[in-house]
Each structure stands twice: as C-alpha cells, then as structure tokens.
Amino acid sequence: MKKVQQAAKAALVLLKEAGADKAQCVATERVVQEFNVDGGKFSLYRTLFDESLSLQAIKEGRNGSISVNSLSEESIAGAVKGCMEGAEASTPDDAWDFCRDAARREFCDGVIKPDLDLFFERLKELMEDIAKRYPLILMEQMIASHTAAKSLYELLRRGICPSKRSLPAFLIFGSRRGEILLLFRNGARVLRPFPPPH
C-alpha cells in the first residue's frame with residue numbers, strides 16, 4: 001500500500017501546483033494468480049503484477065481526466081500534464097464537483113491472500129466432476145484466477161482506501177461426437193468463497 005499512497009499523494013500535489021481547484025485520484029496495485037487448463041490438462045500457473053492511476057481535475061469549472069497503467073514518477077507527471085490539458089480544453093460547467101462530505105474510510109472485501117492449494121484442489125474437482133457427469137464434454141480451456149487489488153481513492157484533503165479481491169473462472173468447452181462439434185461456449189463465474197463440491 002505504501003507505493004499506492006506515495007503515488008496518490010504525488011499526483012495530487014502536482015495537480016494542485018498545475019492549477020487544479022479540485023482533484024481526485026485512484027491509485028491501484030494488483031496481483032493476479034492464475035491457473036490455466038488446455039486440452040483438458042493443467043498447463044500453466046503464473047503470477048501477474050499490474051498497477052494503474054486514474055486522475056480527474058477541475059479548473060475554473062472545466063473537467064479533465066486521464067488513466068495510465070504505471071505509478072512511476074514519469075508516468076504520474078505525464079498523467080498530470082495530460083489531465084490538466086484535458087481540463088483546459090473542455091467546456092466550462094459549474095455542475096462539475098466531487099463529494100464534499102467524504103470521510104476517510106478503509107474497506108476490505110474477501111480473501112486478500114488466497115489458499116492456492118485449496119483453489120487448485122477445487123479446480124481439479126471441477127474437472128473430474130465434468131468428466132464424470134458429462135463424458136462428451138471436452139474442457140478445451142479454463143482460466144481461473146485470484147486478483148488481489150489494493151486501491152487508494154484520494155481527494156485533495158480526504159481519502160478512501162479499499163482492498164478488494166475477485167475469483168473469476170473462464171471456461172471454454174465443447175461437446176464432440178466423432179468429428180462433429182456439438183457445442184461450444186464461453187462463460188464466467190465469481191466464486192466466493194471456495195464452494196465445496198456437490
């Protein structure tokens with residue numbers, strides 16, 4: 001969370017120095033832990049890292065906004081410049097404003113550190129259950145991942161710090177009889193928490 005806090009603080013300081021009357025930013029770090037199945041067999045486990053910054057500023061009733069996928073100093077400076085340029089080029093509207101009564105709060109949703117062994121066991125149970133109940137179904141591909149996101153929403157004087165997680169599972173499957181493909185679909189489901197097998 002330290003990097004996220006530093007990025008948000010730096011962005012708001014630069015926005016104020018650039019002439020923003022009001023400003024807000026959302027800085028986020030994400031860690032994705034992902035299992036892949038290809039051709040009915042587990043083929044890959046990987047961990048992905050991602051970060052992003054979204055800015056919005058109001059100057060003399062003009063609104064500007066921008067999003068970038070980095071929290072580096074250079075990226076923050078460039079985002080501030082682009083955000084202010086957008087504001088200066090926009091049409092004035094006195095209706096632009098941010099929440100005036102936002103209190104500093106912290107939110108936590110779900111399991112931030114997943115039980116990867118249990119996650120993998122549930123995926124194996126799913127594969128075995130599909131093979132047993134639906135022998136004509138071939139699981140061409142499955143992507144199941146846990147995403148842990150740490151975000152900081154910050155106004156010039158107030159902030160909200162949420163931490164969230166999600167568990168999407170994407171399935172691509174088909175039913176074959178000989179050389180004839182009978183069915184092909186793509187779906188997604190969010191699992192919270194890990195449900196026991198039925």
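Biologist: Which residues of α2 are buried?

Modeller: Keep in mind that this is a predicted model. Buried here means under 20% relative accessible area. By that cut-off, the buried residues of α2 are Ser75, Ile76, Ala79, Val80, Cys83, Met84 and Ala87.

Biologist: Why do the buried residues of α2 line one face of the helix?

Modeller: An α-helix has 3.6 residues a turn, so residues three or four places apart point the same way. Looking down the axis of α2, its buried residues line one face because they fall within an arc of 160 degrees.

Biologist: And which exposed residues sit on the face of α2 turned away from its buried side?

Modeller: Exposed means over 50% relative accessible area. On that face, turned away from the buried side of α2, you'll find Glu74, Lys81 and Ala89.

Biologist: What covers the buried residues of α2?

Modeller: There's a strand in the cover, β3 (62–68). The cover also includes β2 and α1.

Biologist: Which element gives the largest share of the largest nonpolar core?

Modeller: That core has 20 residues, and Leu15, Ala27, Leu53, Leu55 and Ala57 touch the most other members. At least two residues each come from α1 (2–17), β1 (22–38), β2 (41–59) and α2 (73–89). The largest share, six residues, comes from α1.

Conventions: Residues numbered from 1 in each chain as written. Predicted model: local features only at pLDDT ≥ 70, side-chain atom pairs only at ≥ 80, totals over all residues. Heavy atoms only, no water. Core = buried A, V, L, I, M, F, W, Y, C linked by side-chain atoms within 4.5 Å. Buried < 20%, exposed > 50% of the residue type's maximum accessible area, 1.4 Å probe, protein only. Helix = DSSP H or I, 4+ residues; strand = E, 2+ residues; numbered from the N terminus. Arc of directions from axis to C-beta. Contact = heavy atoms within 4.5 Å.
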